[in-house]
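I opened my notebook today to get to know a new structure. Let me look things up one at a time and write down what I find.

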Amino acid sequence: MLSLRNVTVTYPNGVVALRPTTAVFERGKFIVLLGTSGAGKSTLLRSLNGLVRPTSGEVCVEGRGSIFSSRAHLRAHRRRTGMVFQQHHLIGRLSALDNVLTGRLAAHSVLRSILPLPRADRLLALEALDRVGLADRALDRADQLSGGQQQRVGIARAMAQKPEIVLADEPVASLDPATSVKVLEDLHRICREDGITAIVSLHQVDLARQFADHIIGLAQGRIAFEGAPDQLGSATLDHIYATERKALAKAA
Ligand SMILES: Nc1ncnc2c1ncn2[C@@H]1O[C@H](COP(=O)(O)OP(=O)(O)OP(=O)(O)O)[C@@H](O)[C@H]1O
């Protein structure tokens with residue numbers, strides 16, 4: 001179980017991205033963060049693996065305490081936490097397999113990772129590609145794959161890390177609706193099968209309803225809703241998306 005305790009984030013330019021936020025992310029659940037652009041979803045996600053350092057408050061793992069208690073602790077937490085990004089962050093000229101193998105680098109010492117990775121790592125990477133239906137494209141260059149396939153490689157790379165937690169920051173924002181569903185189905189199935197806790201930010205309410213065990217709605221750096229998908233009513237959605245509606249109305 002991962003938790004935020006009274007976490008706030010103020011960026012150096014003075015923007016308050018997260019106001020005092022307390023939340024618990026239950027082990028093995030698929031948790032979706034909803035909210036308009038600028039609501040604080042990325043900031044919250046990134047504070048969960050220390051890519052953003054909270055200005056105050058704690059990020060804790062059950063039985064292990066604060067992820068910031070020491071450098072070694074933070075490194076170990078990051079090894080156990082896979083990330084999936086909106087723009088995949090793949091290296092286009094490398095094969096799908098080599099991109100997935102980069103997910104294994106953190107498991108080795110810096111010195112060891114300069115050498116070719118062991119056969120066991122290659123097998124693990126191939127298995128990760130197989131789980132997203134791309135074993136037959138393993139040797140293709142990443143930039144020759146479609147957007148949906150590239151995002152699957154991104155998922156396979158996170159899975160090759162053998163994570164306990166996966167943080168996915170708008171993983172389907174650049175994909176068409178049908179591909180978005182298929183990519184989320186893969187992510188959801190693998191997390192379920194492996195008991196991985198997934199925390200996924202999305203813009204699409206229908207996808208959140210379809211996949212989430214638990215939804216957290218953010219508005220202006222605060223949690224505006226927390227609950228099961230069937231508790232997310234239209235009044236709550238109005239509240240979460242009020243800022244965006246106001247901005248659209250102003251622009252019209
Ligand atoms: N590195 C940064 N430095 C300064 N301000 C930032 C930084 N990153 C984000 N912000 C600001 O913090 C607020 C929250 O941003 P954040 O990216 O967390 O929101 P979001 O909900 O993920 O938005 P989006 O859906 O557009 O990605 C915004 O006002 C944003 O401009």
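**Entry 1: contacts along the chain.** Before I count anything, I need one term: two residues are in contact if their C-beta atoms, placed from the backbone, lie within 7 Å. I also remind myself that this is a predicted model. Then I looked at the contacts in the chain with a separation of 6 or more, and 68% of them are between residues 24 or more positions apart.

**Entry 2: confidence.** Which parts of the chain have the lowest and the highest confidence? Helix α4 (residues 110–114) is lowest, at a mean of 57, while strand β8 (residues 197–201) is highest, at 98. For the complex, the predictor gives an ipTM of 0.96 and a pTM of 0.91.

**Entry 3: overall build.** I noted 10 helices and 10 strands in the chain. Its C-alpha trace spans about 55 × 45 × 35 Å along the principal axes. I then checked the radius of gyration: a compact globule of 252 residues would have a value near 18 Å, and the chain agrees because it has 18 Å. Of the 252 residues, 38% count as buried.

Entry 4: Next I listed the residues around the ligand. They are Y11, N13, V15, A17, G35, S37, G38, A39, G40, K41, S42 and T43. Which element gives the largest share of this shell? It is helix α1 (residues 41–47), with 3 residues. I sorted the shell by type too, and got 4 nonpolar residues, 7 polar and 1 charged.

**Entry 5: an open sheet.** I traced an open sheet of 4 strands in the order β2-β1-β4-β5, and its pairing is antiparallel. Which strands sit at the edges? They are β2 (16–25) and β5 (65–66), each of which pairs on one side only.

Entry 6: M1 and S66 are 65 residues apart along the chain, and their C-alpha atoms are separated by 12 Å. Leaving aside neighbours within four places in sequence, I found M1 in contact with V24, F25, E26, R27 and E62. M1 counts as partly exposed because 13 other C-beta atoms lie within 10 Å, and a residue is exposed with 12 or fewer but buried with 20 or more.

**Entry 7: T55.** I found T55 in the loop between α1 and β4. What does T55 touch, not counting residues up to four places away in sequence? The answer is T8, V9 and T10. I also checked L18: T55 and L18 are 37 residues apart in sequence, and 9.4 Å apart in space, C-alpha to C-alpha. With 14 other C-beta atoms within 10 Å, T55 is partly exposed.

**Entry 8: a buried strand.** Is strand β6 (residues 81–84) buried or exposed? I found T81 and M83 pointing one way and G82 and V84 the other way, and all are buried. Strand β6 runs parallel to strand β7 (residues 165–169), and 4 bridges join them. One partner I wrote down is V166 in β7, bridged to G82.

**Entry 9: two backbone angles.** A reminder to myself: most residues other than glycine have a negative phi. I came across N6, which is not a glycine but has a positive phi of about 50 degrees. N6 lies in strand β1 (residues 2–10). Buried or exposed, I wondered about N6? N6 has 12 C-beta neighbours inside 10 Å, so it counts as exposed.

Q220 is another residue other than glycine with a positive phi, near 50 degrees. I located Q220 in the loop between β9 (214–219) and β10 (222–227). Q220 has 17 C-beta neighbours inside 10 Å, so it counts as partly exposed.

Terms used: Residues are numbered from 1 along each chain as its sequence is written. This is a predicted model: local features need pLDDT of at least 70, side-chain atom pairs count only at pLDDT 80 or more; totals for chains, interfaces and linings use all residues. A residue is near a molecule or strand if its C-beta atom, placed from the backbone, lies within 6 Å of it. Helices (H or I, at least four residues) and strands (E, at least two) are DSSP runs, numbered from the N terminus. Ala, Val, Leu, Ile, Met, Phe, Trp, Tyr, Cys and Pro count as nonpolar, Asp, Glu, Lys and Arg as charged, and the others, Gly among them, as polar. pLDDT is the predictor's confidence in each residue, from 0 to 100. The radius of gyration is taken over C-alpha atoms; the globule rule is 2.2 Å times the number of residues to the power 0.38. Two strands pair if DSSP finds at least two bridges between them.
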